[in-house]
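Biologist: I've got the sequence and the model up on my screen. Can you walk me through a few spots?

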Amino acid sequence: MAGNLAGADPKFKEIITSLDDDKIDMLAATSVLQQKATDIRNQKVNWQSYFQSQMISQEDFNFIVAFDVNDSQNKVALLRRDRTQAAQTLLNLLGHVSKDQTLQYILVLVDDMLQEDRSRVEIFHEYATLRKEPMWAPFLNLLNRQDGFITNMTSRIIAKIACWSHTPMERSDLHFYLTWLKDQLKSQNNEYIQSVARCLQMMLRIDDYRFAFVSVDGISTLLSVLAGRVNFQVQYQLIFCLWVLTFNPLLAEKMNKFNVIPILADILSDSVKEKVTRIILAVFRNLIEKPEDAQVAKEHCISMVQSKVLKQLQILEQRKCDDEDITADVEFLSEKLHSSVQDLSSFDEYATEVKSGRLEWSPVHKSKFWRENAQRLNEKNYELLRILIHLLETSKDPLVLSVASFDIGEYVRHYPRGKHVIEQLGGKTLVMQLLGHEDPNVRYEALLAVQKLMVHNWEYLGRQLEQDTGADKGVSKGGSQVAGKAHGSQVHSTSDDSSVTWL
């Protein structure tokens, strides 16, 4: 599978090399899985009792007794001589032993066997091919056990076989395994979360596995965990997973649709650990360098500017860090972000802010902007309008709801067909629902937006009545009812216009 890595990027190869398990395991020696594995190695199993109880066969007994020794030379010779028997015995034991303590011990034996020589992963593939049996079923079944050590040690073994073998993991088995990993990340107070993250760090080196992970909503899961409270080691591991994903140009282009830049920018501003800072900067650099679409790279730069990354870069420059990678990435990012600020149009700034989902009362939320740009919200099948309306429906942030309501009102005010478009997209109903919001600022901006929608409704209706019936009397009635609300909107408007011209 080595040829299916990120490509020829030298930095990727350098850091992936540093991911060798012996080095990682020294760093993660304090993880719960590693600590328990050390204890389990010292708890020898009485294989004789299993044989006498007829729970294992004679040939399995003979092999496991010869295999479960401290003599590494004899073990190497045994595995070379009896590869088929090795796979058969180990799989038989994993499939038929029910006692948790014994299963734990067998899994540690298997993991140590693979750790000593990566090529041994092929033992299981060769056996499955010879017997015409499913390769992954014996391991995937163990993921359903209740014991946390058993499931996570099994997961570790699966990741090693999937990444070190010449045969890729089959699609349905791969999706099952990646979904299991994703669910483990989301489970509350998971003491094995470092081990789960370690498996993902391995799996996401391989391009096919990356796309499979994205297809099970993996990126959203990584970011939801990062947006919560996790320790710096888990932060580093999960951001590492994002970094590996960004080596694929297509994934690098799509990454910020998941709001990765604002979330990582927040972590960067709070981080006190150099390794976390380093990996975040590496992700940001890839988000600029890797996309093949220059416009996407530009949007990523703007999103970083709006997420206050420039300020953090200035702080890092002042610290004069000794880490060469950090220094190089800070210089690169500072140059790119300053350049993007100079080239930034007000509409570019607005579009990036909307796409980030982090609306605030920035300078683009002014009537001058809307007079010049309202019609541009119709571009790309109303992309920005759809995002604004989605924010009205999903956001819990009163500031976001307030600004989104204001923007929708300004769009309706400055674009003649705006009211019709907003209704078609479902925005009118959502704005009206906010009239009962608990936050007074949200209620206020929603009221202004509704007033603007109603004024347009009155004028549109009045024109239709004039054209169809010439019923001036009916129009005057409608006008007298709505004019007061329109006037109220003029009095309370937050725009920078002293007089409001509604159409």
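Biologist: Let's start with Phe67: does it count as buried or exposed?

Modeller: Buried means under 20% relative accessible area, exposed over 50%, and partly exposed in between (1.4 Å probe, protein chains only). Phe67 comes out at 0% relative accessibility, so Phe67 counts as buried.

Biologist: Before we go on, what am I looking at?

Modeller: This is a predicted model, so local features need pLDDT of at least 70 and side-chain atom pairs count only at pLDDT 80 or more, while totals for chains, interfaces and linings use all residues. Residues are numbered from 1 along each chain as its sequence is written, and side-chain values use heavy atoms, leaving out hydrogens and water.

Biologist: How many aromatic pairs does a search of the whole structure find?

Modeller: Rings of Phe, Tyr and Trp (its six-membered ring) pair if their centres lie within 6.5 Å; planes under 30 degrees apart count as stacked, over 60 as edge-to-face and the rest as tilted. Searching the whole structure that way, the number of aromatic pairs is 13.

Biologist: What is the angle between the planes of Phe63 and Phe67?

Modeller: Phe63 and Phe67 both sit in helix 5 (residues 58–67), four residues apart, about one turn of the helix. Helices here are DSSP runs (H or I, at least four residues), strands are E runs of at least two, and both are numbered from the N terminus. The Phe63 and Phe67 rings are stacked, 5.5 Å centre to centre, and the angle between the planes is 15°.

Biologist: Which residue lies over the face of Phe67?

Modeller: A charge sits over a ring if NZ of Lys or CZ of Arg is within 6 Å of the ring centre and within 35 degrees of the ring normal. For Phe67, at 5.0 Å from the ring centre, that residue is Lys75.

Biologist: And over Phe332, whose charged end sits there?

Modeller: The distance to the centre of the Phe332 ring is 4.2 Å. The charged end belongs to Arg285.

Biologist: Now Ser271: which residue's backbone oxygen lies 3.2 Å from a polar atom of its side chain?

Modeller: Ser271 is in the loop between helix 18 (260–270) and helix 19 (274–289). Because its relative accessibility is 12%, Ser271 counts as buried. The backbone oxygen 3.2 Å from a polar atom of the Ser271 side chain belongs to Lys273.

Biologist: How many residues of helix 13 are buried?

Modeller: Helix 13 covers residues 193–203 and is mostly covered. Its buried residues include Arg198 and Gln201.

Terms used. A polar contact is a pair of N or O atoms within 3.5 Å; within protein, one must be able to donate a hydrogen and the other to accept it, and residues adjacent in sequence count only if both atoms are side-chain atoms.
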